[in-house]
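Colleague: Can you walk me through this one? I would like to start with the ground rules.

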Amino acid sequence: MEITTIGLDLAKNVFQVHGVDATGGVVVRKALRRSQMLPFFRKLPPCLVGIEACGTSHHWARELISLGHEVRLMPPGYVKPYVKRGKNDAVDAEAICEAVTRPTMRFVAVKSREQQSALSLHRARSLLVRQRTQLVNMMRSMLGEFGIAIPEGIEKALTMARQIVDGEIETGLPAEATMIVGMLSQQAIDTHARLQKIDKALNALQRSDEVARRLSTIPGVGPVGATAFAASVSDPHQFKSGRQFAAWLGLTPLQKSSGGKERLGRISKMGDKYLRQLLVIGATALVRYAKCKPDTADPRLLALLAKKPARVATVAMANKMARIIWALMTRGETYRARHLPMLAPTIKR
């Protein structure tokens, strides 16, 4: 009995395999150690392998593809409904095996090693930004207890931290508080230096990557956003339209429609939170620029701000930026300001 479909439940050391034949009958159901994974699949004829898109899934997908198998990654949330009862590795593998054969299932494109390497810069940068914010907030709260206020803004806070470390400011704090504030200040400066190093690496990556260079021509999309989308979206052609791409990012309204009545709520906030955050931050910068310099701003954004609150306009612009990103990635073009789409030719009768 030949195995045609396998559901593979990944783990750190023990992997669960559930294989079926062309009729759906169970052929193999076993657990594999990490060292047994590749020898087991090397002996099998090419078959369809379903895996949940989770940690290490892209690595194992690349390894199995190199052995000749067809690998499909699926979001874990879409596999969950196929779990019949309870939860263990064998049940999960069976659910994966069943879900991967569904004609309406949505799949995740397998990322290359280079894409995952670029994403490691973004993950580390996001972590360091949070740590820098935490350190500055801790400094603000501690110095505030002694009547010392740090000016608003991250640059002003870092300037004060450097002055504290260099001894240019006499805080007059007790010895214990002086020691802690000095440690926090030094750590905030070191974290900021690491962030600057990562930003330089992202700028170099943006200049060397052809897709990132084209995406960076979009207003509101800088080197960070351009490299993040270039590394995260392996195959933009898997989306049928820009609206579907925006929906994948969670920037479309959440529907609660029933009985022929359409009810649209807030945005769904599905998909990659980091990519959605970058788009909203970029759109916020565009809104601030439009308020400061309305003469040179996009007239469509000004018209939107005249009708809607600033935050609603920001999310709407983020949705538009997502659709532009999809268009540039699929067509291989660069951004053109004030571009009007071509109209369909009129047919003379």
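Modeller: What follows covers the model, then a sheet, a pair of helices and one arginine.

Modeller: This is a predicted model, in which local features need pLDDT of at least 70, side-chain atom pairs count only at pLDDT 80 or more, and totals for chains, interfaces and linings use all residues. Residues are numbered from 1 along each chain as its sequence is written, and side-chain values use heavy atoms, with hydrogens and water left out.

Colleague: In which sense do strand 1 and strand 4 pair, parallel or antiparallel?

Modeller: Parallel, over 4 bridges between residues 5-9 and residues 48-52. T5 has L48 as its bridge partner in strand 4.

Colleague: Switching to helix 13. How many residues does it have?

Modeller: It has 22, residues 310-331, and reaches 31 Å from first C-alpha to last, close to the 32 Å expected at 1.5 Å a residue. That expected span is 1.5 Å times one less than the number of residues. Just after helix 13, G332 has a positive phi of about 70 degrees.

Colleague: At what angle do helix 12 and helix 13 pack?

Modeller: About 145 degrees, with the axes of helix 12 (residues 299-307) and helix 13 9 Å apart. Axes are lines fitted to C-alpha atoms, for helices over the stretch in contact, and angles run from 0 to 180 degrees between N-to-C directions. R300, L301, L304 and L305 in helix 12 meet A310, A313, A316, M317 and K320 in helix 13.

Colleague: Last one, R214. Buried or exposed?

Modeller: Buried, at a relative accessible area of 9%; buried means under 20%, exposed over 50%, partly exposed in between (1.4 Å probe, protein chains only). R214 is in helix 8 (residues 210-215).

Colleague: Which residues does R214 touch?

Modeller: Not counting residues up to four places away in sequence, R214 touches L328, M329, G332, E333 and T334. A polar atom of the R214 side chain lies 2.6 Å from the backbone oxygen of L328.

Conventions: Helices (H or I, at least four residues) and strands (E, at least two) are DSSP runs, numbered from the N terminus. Two strands pair if DSSP finds at least two bridges between them. A polar contact is a pair of N or O atoms within 3.5 Å; within protein, one must be able to donate a hydrogen and the other to accept it, and residues adjacent in sequence count only if both atoms are side-chain atoms. Contact means heavy atoms within 4.5 Å.
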